Amino acid sequence: MLKQKRAPVLDTTKMSLLCEVEGMCPLCHCFLVDKEKITEEEGKTVRVFDVAHIYPLNPTDHEIKILQSEDKLSKNIDCEENFIALCKICHKKYDTQKTVEEYRRLVEIKKVLNKKRAIKSIWKDQELHSDIKVVAETIGQLGDPSSDESNLFMKPMKVIDKTDDTFGFPNIFKVEMYVRFYFVAIQNSLKNIDKETPNVSDFIRSQVRSNYQLLLLTGLNQSEIFHSMIEWFMSNTNIRDRDKSEILISYFIQSCEVFSNDNAE
């Protein structure tokens with residue numbers, strides 16, 4: 001059998017793969033750039049990683065046999081969906097001593113990375129109305145959240161009734177706490193925004209709901225959606241305080257723009 005010739009890997013693809021693993025080998029967690037080794041051009045770092053094929057481009061008879069029932073990440077073996085950045089040591093070991101377990105491990109790692117890439121693509125196309133920052137600032141200006149006016153005992157539906165087993169009790173506890181203490185304040189803040197610009201709050205709710213539906217279509221579970229929407233809020237609004245973003249998402253969970261009873265099992 002003739003061996004397939006590997007297509008050149010563009011520098012942009014290499015950098016994309018490096019960013020994908022956040023500059024660290026996903027197997028041994030060593031750094032994939034060496035800042036100590038400086039090239040002739042000042043300020044350049046040296047890449048100490050390889051672009052590895054997860055499913056081999058030219059599998060040996062042994063590899064064909066052990067991987068015959070395994071999933072492939074792409075029909076095209078020589079493409080970015082089947083590439084991953086590995087340090088040179090891990091790459092050599094993987095290519096020469098491949099096992100089914102190691103292959104499955106890399107496939108699962110790459111699936112997670114591909115999922116993150118899909119989420120970031122959704123972020124790029126899904127903007128969030130700037131007035132949500134006004135609401136976030138309101139959270140920071142609140143006094144004691146246990147005051148009578150801000151304390152909400154959730155009804156008619158508790159957060160636990162809107163979520164499934166993938167959400168997890170720690171997330172349920174956190175969201176219920178945030179809803180109880182901040183729901184009324186956020187609701188009032190949105191009403192005040194509407195007084196200045198009618199229907200902005202409805203527009204924000206529709207944006208949040210749309211983003212949620214898109215994340216749902218990617219196959220994320222509820223915990224993944226929750227954390228992805230937190231990151232979306234932070235990246236779209238310059239909200240630096242993660243707690244504020246969590247509080248806002250919790251509000252939209254309670255008001256049913258994120259999750260609802262028909263999603264729970």
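In which helix do E108 and K111 both lie, and how many residues apart are they? They lie in helix α4 (residues 100-125), three residues apart, which is about one turn of the helix.

**Figure 1. Overview of the predicted chain.** This is a predicted model, in which local features need pLDDT of at least 70 and side-chain atom pairs count only at pLDDT 80 or more, while totals for chains, interfaces and linings use all residues. Residues are numbered from 1 along each chain as its sequence is written, and side-chain values use heavy atoms, with hydrogens and water left out. The chain has nine helices and four strands; helices (H or I, at least four residues) and strands (E, at least two) are DSSP runs, numbered from the N terminus. Of its 265 residues, 42% count as buried, where buried means under 20% relative accessible area, exposed over 50%, and partly exposed in between (1.4 Å probe, protein chains only).

**Figure 2. Confidence along the chain.** The predictor's confidence in each residue is given by pLDDT, from 0 to 100. Its mean for the chain is 82, and 82% of the residues reach 70 or more. Strand β1 (residues 33-38) has the lowest confidence, at a mean of 63, and strand β4 (residues 83-87) the highest, at 95. Over residues 261-265, pLDDT stays under 50. Where pLDDT is low, the predicted coordinates should not be read in detail.

**Figure 3. The largest nonpolar core.** A nonpolar core is a set of buried Ala, Val, Leu, Ile, Met, Phe, Trp, Tyr and Cys residues joined through side-chain atoms within 4.5 Å. Of the 38 residues in the largest one, I186, M229, L248 and I253 touch the most other members. Two or more residues each come from α5 (132-141), α6 (169-196), α7 (200-217), α8 (222-237) and α9 (242-254). Helix α6 gives the largest share, nine residues. Another core, of 27 residues, lies apart from this one and includes L17, L27, V51 and Y103.

**Figure 4. The salt bridge of E108 and K111.** A salt bridge is a side-chain nitrogen of Lys or Arg within 4 Å of a carboxyl oxygen of Asp or Glu, and by this rule the count comes to 10. In the bridge between E108 and K111, the closest N and O atoms are 3.7 Å apart. E108 is partly exposed, with a relative accessible area of 46%, and K111 is also partly exposed, at 35%.

**Figure 5. The salt bridge of R205 and D202.** The side chains of R205 and D202 meet in a salt bridge (3.8 Å, N to O). Because they are three residues apart in helix α7, about one helical turn separates them. R205 counts as buried, at 18% relative accessibility, whereas D202 is partly exposed, at 47%.

Figure 6. R242 forms a salt bridge with E246, with the closest N and O atoms 3.5 Å apart. Both residues lie in helix α9, four residues apart. R242 is partly exposed, at 27% relative accessibility, but E246 is buried, at 5%. Salt bridges that share partners join K174, E231, R242 and E246 into one network.

How values were computed. Contact = heavy atoms within 4.5 Å.
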